Amino acid sequence: MMKGSKFANMLRMTELETPESRLDPFGVLSQLRRESPVRFDENRNCWDVFPYEDVHRILKDPKMFSSARGAAANQNLLFMDPPKHHQLRDLVNKAFTPRAIQELAPRIRDIAEDLLSQAGAEMDVVHDFAAPLPVIVISELLGVPSSDRHHFKQWSDVLVESAEDLSDEAFEQIMQKRMKTVGELTDYFQGILKERASEPKDDLVSALMQAEIEGEKLSEQEIVNFCILLLAAGNETTTNLITNSFRILTEQPQLQVELAQDPGVIPTFIEEVLRYYPPIVSIGRVASEDVQIGGSLIRKGDQVITWVGAANRDESKFTDPDAFHKLRKPNPHMSFGFGIHFCLGAPLARLEGHIAIETLLQFCHDIKLVPGREIVPIQSSFVFGLKNYPVTFES
Ligand code: HEM
């Protein structure tokens, strides 16, 4: 089992720890891709893989590159290998369908309009819009009563807190807090499951309880773990997608005018935001066998970090990779991963991103970053986003 501190250490890549590369790590990542495409980092005791083709090959091959972390607690899809992964994913797919997601569109629009109408002529994008939106959506999807929403937000915040690169001690503390929160969430969802057992509703928890394949159903523990995973995997990532979209709209303000005139372009714009400023920049695996990647021998049991943030800017795959092209097509970025663990929530994240930007451009014009304020990036080599983004706008 991997010790917490060892894991904390693996996340801390020195090259990404300067203030400049926290705000924009992609120059450093591209340099590493060119100079040392596949390397072993002695400090972090893991491999780094940067080129598109190698990252793709690793994510495509769960047999050679395992997602299992060996932790017995909180077993969930992300950390499972086939055949167990396959069984569980098929079952949750029955409840989490693209159609069920698409039906949420009008409600997401209402929530986005509501949040924007509460903002004055100045708002903090993260605090006032990008953070609350996905939490409200997921709690409605799961069927959490609105009276419990504030607990829910706090729990959700604790779950993602550990994404930051921290000292060993701080990491251990956060892990303990996180275990406590997982315990509270488990009790909470067990309560919801009991209620739905006697009185099913039109929500995801009820659908998960009913999902069945050849007589197999999800256990109570599997449903609870899945609900917790949705909070951990879905909220901060979507917040960062929305914040990163705002960022590019203020960095290249002509995009605001172009997208407002032609909203049909918003879906390809969102894909390009995902490629250009991916909310997740790295994905970890463990080699199951000795294997050659890019001329290096990776040994069985070695930790491997694949750098999606570098692969997405690889000139052998994307023309003009450091330019933002709102119409880029095809756009085979790997920001939602690739292969069997491809993000289950991608249709929901895309829909939320689309509606957030569409609503924004209907209500707000001339969006500008407030000058002179410090922008604080999330301190992480795994998650890419900002902690604050103050803007002004005209309604
Ligand atoms: C898996 C990114 C939003 C649920 C993943 C993976 C990535 C990712 C890279 C693959 C991890 C791996 O291969 O180890 C993102 C990004 C998002 C986002 C960038 C937002 C822009 C969401 C949302 C949900 C969600 C909204 C659900 C509400 C999941 C789940 C998995 C996953 C359940 C595990 C799938 C599996 O292991 O089979 N996500 N995600 N994600 N994501 Fe997302």
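Me: What are axes, and how do angles between them run?
Reply: Axes are lines fitted to C-alpha atoms, for helices over the stretch in contact, and angles run from 0 to 180 degrees between N-to-C directions. Helices are DSSP runs (H or I, at least four residues), numbered from the N terminus. In this predicted model, local features need pLDDT of at least 70, side-chain atom pairs count only at pLDDT 80 or more, and totals for chains, interfaces and linings use all residues. Residues are numbered from 1 along each chain as its sequence is written. Now take α7 and helix α9 (residues 132–142): their axes come within 10 Å and cross at roughly 145°.

Me: Which residues make the contact of α7 and α9?
Reply: Two residues are in contact if their C-beta atoms, placed from the backbone, lie within 7 Å. Here R107, I108, I111, A112 and L115 of α7 meet P132, L133, I136, V137 and E140 of α9.

Me: At what angle do α7 and α17 cross?
Reply: Helix α7 (residues 105–118) and helix α17 (residues 346–363) cross at roughly 45°, with axes within 9 Å. Angles under 35 degrees count as roughly parallel, over 145 as roughly antiparallel, 65 to 115 as roughly perpendicular and the rest as oblique. So α7 is oblique to α17.

Me: Which residues come nearest to the ligand?
Reply: A residue is near a molecule if its C-beta atom, placed from the backbone, lies within 6 Å of it. Of the 24 residues around the ligand, the nearest are G234, T237, G337, C343 and G345. Both α13 (220–251) and α17 give two or more residues to this shell. α13 gives the most, with 7 residues.
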